[in-house]
Amino acid sequence: MTASEPRRLDFETRQIHAGEHIDSDFGARVAPIYQTAGYRFDSLDDGEARFSGRSGAQAYSRNENPTNAAAGRRLADLEGGAAGIVVGSGQAAIAATLFALAGTGDHILATDRLYEGTRQMFLNSLARQGLVVEYVPESASEEEWASRITDRTRALFTETIPNPKNDVVDLERLAGIAHRAGIPLVVDSTVATPYLCRPIEWGADIVIHSTSKWLSGHGAVLGGAIIDAGTFDWGAQPARFPQLNDEVRPGVPSFVERFGAAAFFVYLRTVTVLEYGPTVPATSTFGLLQGIETLSLRMERHTANAQAIAEYLERHPAVSSVDYPGLPSNPFHERARKYLPLGSGGIVSFDLRGGKDAAAAFLDAIELITNMTHIGDVRTLALHTGSTLHVRLTEEEKAALGITPGLIRLSVGLESARDLIADLEQALSAL
Ligand SMILES: Cc1ncc(COP(=O)(O)O)c(C=O)c1O
């Protein structure tokens with residue numbers, strides 16, 4: 001920062017003000033819910049300008065409305081990206097990103113520990129569209145990673161803090177591997193949130209969120225977001241991204257020629273999201289915006305509670321292991337210190353010595369904590385992932401992913417740590 005540059009506002013300020021929508025009609029201080037399908041065109045020329053992209057104004061709410069646009073701007077700011085867009089769910093954000101990057105016969109490389117819903121999408125729906133996702137263990141050598149990248153590889157996909165095992169990823173190393181091959185690094189950073197880690201600062205090119213989780217924070221709405229760093233050179237290897245480099249139609253230059261480093265984002269917004277229509281209702285985005293305004297405060301409490309609970313569980317005789325990188329004994333502790341200096345997130349997974357029977361008894365015994373799927377809720381939730389999220393996997397597949405019979409995932413909420421530990425204590429003593 002030079003003396004003449006203004007100081008960038010702090011995160012806590014930007015989560016409230018960045019990208020805010022200014023209501024010129026009534027001066028409403030909170031971004032209004034723009035619950036409208038369309039927008040009146042002033043003239044034939046205006047309609048044409050909106051449809052052709054010459055004007056930035058909205059044409060139709062399938063890919064954006066002013067409420068959603070405010071959330072996209074705010075998330076782009078918080079992640080340190082150039083632009084952002086919100087869609088109907090985290091899964092929709094992942095699907096839209098990969099559909100924008102890849103087509104039939106194309107290849108995505110992914111780290112092997114990912115949220116199971118994403119893995120199921122890769123296995124079933126993306127495979128049916130002809131997209132091949134290949135998994136590589138995150139710890140594989142650079143040579144191993146490089147040897148899997150082919151002419152058809154379109155992205156390297158990972159999660160900052162993989163759900164549910166919390167095995168923190170070395171983002172800087174993966175970004176180096178991706179960039180040396182000329183492919184973008186796409187990071188699902190749902191569990192970290194931009195308060196705990198900003199993948200773009202470590203080299204990521206596209207950041208994805210399920211905004212249904214901590215960003216909204218109240219467990220009341222679904223949503224997803226895609227943020228583009230705006231720095232990837234989409235024209236460096238034109239054959240890898242023909243949808244961005246080929247002339248759109250005779251006389252219409254390519255997205256790269258017209259938009260440079262923004263080519264991917266403009267394509268995502270004006271082609272992929274507009275055509276597939278994974279629209280999020282403005283009412284849901286209103287809930288998201290309300291949540292983002294208090295993100296830092298909530299994440300401080302989520303991580304402090306999670307840390308206290310992880311330390312308690314690690315000492316409990318009924319618990320054989322705890323997956324929480326905030327624990328000094330955790331193999332990812334050093335990485336967490338580098339990538340997550342403000343705390344290791346709100347998920348604590350732990351393995352019960354008594355296996356599946358003990359897990360069932362534990363879930364029957366909890367009173368304050370809810371047996372429910374979902375994460376990032378204001379309430380603390382417990383889930384036996386082996387019989388729910390991972391129910392479609394064989395025992396061998398579960399074992400390979402560390403999903404042991406006694407594994408419980410806690411999404412630690414905002415209640416008092418003392419009350420949560422008291423509920424855990426009474427439930428564990430029932431085993
Ligand atoms: C890491 C991660 N990514 C994506 C998703 C999918 O998000 P959504 O439920 O909003 O589709 C989830 C859901 O739990 C998740 O944990």
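Helix H4 crosses helix H11 in a right-handed manner. Before I continue, please note that the model before you is a predicted one.

Let me stay with this first pair. Helix H4 covers residues 90-101 and helix H11 covers residues 263-276. Their axes come within 9 Å and cross at roughly 115°. Because angles of 65 to 115 degrees count as roughly perpendicular, H4 and H11 are described as roughly perpendicular to each other. On the H4 side, the contact is made by Ala96, Thr97, Phe99, Ala100 and Leu101. H11 contributes Phe264, Tyr267, Leu268, Thr272, Val273 and Tyr276. Of these contact residues, nine are nonpolar, two are polar and none is charged.

I turn now to the second pair. Helix H13, residues 295-315, packs against helix H17, residues 417-429, at an angle of about 30°, and their axes are 10 Å apart. That angle makes H13 roughly parallel to H17. This crossing is right-handed. The residues in contact include Asn305 and Tyr312 of H13, and Leu420 and Glu425 of H17. The contact of H13 with H17 comprises nine nonpolar residues, one polar and one charged.

Finally, the ligand. Which residues are closest to the ligand? Of the 13 residues that surround the ligand, the closest are Gly90, Asn163, Asp188, Ser210 and Ser212. A polar backbone atom of Gly90 is 2.8 Å from an oxygen atom of the ligand. For Gln91, a polar backbone atom is 2.9 Å from a ligand oxygen atom. Asn163 places a polar side-chain atom 2.8 Å from an oxygen atom of the ligand.

How values were computed: Residues numbered from 1 in each chain as written. Predicted model: local features only at pLDDT ≥ 70, side-chain atom pairs only at ≥ 80, totals over all residues. Heavy atoms only, no water. Axes fitted to C-alpha atoms, helices over the stretch in contact; angles between N-to-C directions. Helix = DSSP H or I, 4+ residues; strand = E, 2+ residues; numbered from the N terminus. Parallel < 35°, antiparallel > 145°, perpendicular 65-115°, else oblique. Left-handed = near helix turned anticlockwise from the far one by under 90°. Contact = heavy atoms within 4.5 Å. Nonpolar A, V, L, I, M, F, W, Y, C, P; charged D, E, K, R; others polar. Near = heavy atom within 4 Å. Polar contact = N/O pair within 3.5 Å; in protein donor to acceptor, adjacent residues only side chain to side chain.
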